[in-house]
Every structure is written in C-alpha cells, then in structure tokens.
Amino acid sequence: MPELPEVEALKDFLTEHLVGHEIVRVLPVAISVLKTYEPPLSALEGREVTAVRRYGKFLDVRTADGPHLVTHLARAGWLHWKDRLPDGPPRPGKGPLALRVALETGAGFDLTEAGTQKRLAVYVVTDPQEVPGVARLGPDPLAGDFDERRLAELLAGERRQLKGALWDQSLIAGVGNAYSDEILHAAKMSPFKLAASLSEEETARLYAALRDTLTEAVERSRGVAAGRLKAEKKSGLRVHGRTGEPCPVCGDTIREVSFADSSLQYCPTCQTGGKPLADRRLSRLLK
C-alpha cells in the first residue's frame, strides 16, 4: 500500500506535471471507484489544475474555481503517468484500469487497481474535508508543529499496542503497515508494547524514529518517477517484507506475526529482548 512517503512523492511529481495544465477529459472505467456523484466528474473538465496536496495517504488535485479530485490508492491502487495517452476512450473490462485523466497536451495519468479487493477510491468534492477519510485524519507526522509533546499527548491513555496505534489514521496520518514496522525497528520497540506505557525516554526515541524514518523515505522517493516508486519503497525497507532475512543491524533472523489479512515483521534481538512474539495463526497451523 502506498504510504506517506510514496504519496508525498506522487504529490511532488503531479505538481510538476499537472499544475498549469487543463483537464480536458476524465474517463471512468470502473464505476465502483467513484464514491461521490455531485459534483460530477465532468465538472473537472475544462479547468486548470492549480495545486496538488497530500492529506495522509490521500492525494488532492485542485482546479481553478472548481472541484477537487481526491484519490486514495488503498492497498493495490497506483497512478501511472503517460506522456502520451492512447487514442480513443479506454474499454471497460476486467483489467486493472479504473480511471483516466487527460490533459490538453495529450499527456495524463491512469489510476489502476490490481487484485480482486477493489478499494481504490475517487471523490469529486468542493472541499477535501467532505471526504470522510480526510475529515477523520489525525495530525501529519512531518508537519512543523508535530513535536515530541504532541506525540506524547496522542499516546497518553492509548490502550492499544504500538503497532495498531501507529497504523490508525485518525491518530497519526499517513503511516501504514510497512512504515510502522520500520519505525518500531528503528526505535527498538516491540510492536506489542502498549502505547500508553511509554516512558519519557521511550517517547523521545519513538518520535525520533518516526520523523527520521519518514523523512529519509521521502528523500529517497523525491524525484523518482511515479512508475518506480514501488520498487524504491521496497528497496529501502529494512525489516518489513523481509521475513527470514538477517536484520541489517544485528544479524538476527527477521520474524513475522501473521493476521487475517496482513502481517508484521520485526527483529527479536533489536525489539523484543530476543524473544519471538506469539504468532497465533502459525501456532494453529502447527497444532
């Protein structure tokens, strides 16, 4: 799933390629991606793009005196830029193409979604705050006013484990499964540690890991073409998605805990005092 660093890079890429250009056509291919119907998609056509913004994992394309095109790529969605779009309208079918946006130059982008779980979402709104997911977002962890005290306030009284707290978009915007693993590894903390139990020193360590991990990922992604961002993300991950590989810090074997539709990765030596965490799904399979 694209998270804050990749969406930030997409925002920068689209700012360079969209701002100042006119949207001449918006072509829906998978109607299921449209989550709003008023204003219609056609209200974007004939309008100049004035800015591109990011809210957590949401992308917001703003038009002059017109509506916003807000997109959430979800788990399997992606944006593909084309310097020259194919001639003629796309054909509806069973392929991954969900929406096409064409500019007056002939360039534009496609929104696609792989797999069977269709969660890609597109909204056309007069204000991004009309999108429920945007309205619920917590503070952006890279914002200038997001300091150590703010993080401590968010975690105070939070009875969930750190993994779940970091992943909650209403608590902190933009962090997902992959970067929560990376942040906790950098902070040397168990994903199962209770968020409210952190000492002042631990909060400072988590804050530093949060800011540093996301800032470094944004810098790695900056200037990378949209089509290569997924590969760039994977290459920069130290523990997430690397079950069975050696930890780059201590050399211990990276372990995994599986859930119904996701998993987390961690290093026992760096994060849990050398003790493997209980993996209930794996335990059931071994019985």
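Guide: In this predicted model, a cavity is a set of grid points where a 1.4 Å probe fits but cannot get out, whereas a pocket is an open set.

Visitor: How many cavities of 30 Å³ or more does the count come to?

Guide: The search concerns spaces that the 1.4 Å probe cannot leave. With the threshold set at 30 Å³ or more, the count comes to one cavity.

Visitor: Which strands each supply at least two residues of the lining of the largest cavity?

Guide: The largest cavity holds about 50 Å³ of space. Its lining is formed by Leu 14, Leu 59, Val 61, Leu 69, Thr 71, Leu 79, Phe 109 and Leu 111. By class, that lining comprises seven nonpolar residues, one polar and no charged. The strands that each supply at least two residues are S3 (58-63), S4 (68-72) and S7 (108-113).

Visitor: Which residues lie nearest the centre of the largest pocket?

Guide: The largest pocket has a volume of about 450 Å³. Its lining is divided into seven nonpolar, four polar and four charged residues. Of the 15 lining residues, those nearest the centre are Met 1, Lys 57, Phe 58, His 72 and Gln 169.

Visitor: Which element gives the most to the lining of the second largest pocket?

Guide: The second largest pocket, with a volume of about 370 Å³, is lined by 17 residues, of which Met 1, Pro 2, Glu 3, Arg 75 and Lys 233 lie nearest its centre. Two or more lining residues come from each of helix H5 (177-187) and helix H7 (229-236). With three residues, the element that gives the most is H7.

Visitor: How many charged residues are in the lining of the second largest pocket?

Guide: The lining of this second largest pocket also includes six nonpolar and four polar residues. Its charged residues number seven.

Visitor: Are H1 and H6 roughly parallel or oblique to each other?

Guide: Helix H1 (residues 4-18) and helix H6 (residues 200-221) pack with their axes 8 Å apart and at an angle of about 40°. Angles under 35 degrees would count as roughly parallel, and 65 to 115 as roughly perpendicular. The arrangement of H1 and H6 is therefore oblique.

Visitor: What is the handedness of the crossing of H1 and H6, and which residues of H6 make the contact?

Guide: The crossing of H1 and H6 is right-handed. On the H1 side, the contact is made by Leu 4, Pro 5, Glu 8 and Ala 9. By class, the contact of H1 with H6 has six nonpolar residues, one polar and one charged. The residues contributed by H6 are Leu 214, Ala 217, Val 218 and Ser 221.

Terms used. Residues are numbered from 1 along each chain as its sequence is written. This is a predicted model: local features need pLDDT of at least 70, side-chain atom pairs count only at pLDDT 80 or more; totals for chains, interfaces and linings use all residues. Side-chain values use heavy atoms; hydrogens and water are left out. Axes are lines fitted to C-alpha atoms, for helices over the stretch in contact, and angles run from 0 to 180 degrees between N-to-C directions. Helices (H or I, at least four residues) and strands (E, at least two) are DSSP runs, numbered from the N terminus. Angles under 35 degrees count as roughly parallel, over 145 as roughly antiparallel, 65 to 115 as roughly perpendicular and the rest as oblique. A crossing is left-handed if the near helix is turned anticlockwise from the far one by less than a right angle, and right-handed if clockwise. Contact means heavy atoms within 4.5 Å. Ala, Val, Leu, Ile, Met, Phe, Trp, Tyr, Cys and Pro count as nonpolar, Asp, Glu, Lys and Arg as charged, and the others, Gly among them, as polar. On a 1 Å grid over the protein atoms alone, a cavity is a set of points where a 1.4 Å probe fits but cannot get out, and a pocket is an open set with protein on both sides within 12 Å along at least five of seven lines; lining residues have an atom within 4 Å of a point. Grid points are joined across faces, edges and corners, and a volume is the space filled by probe spheres set on the points.
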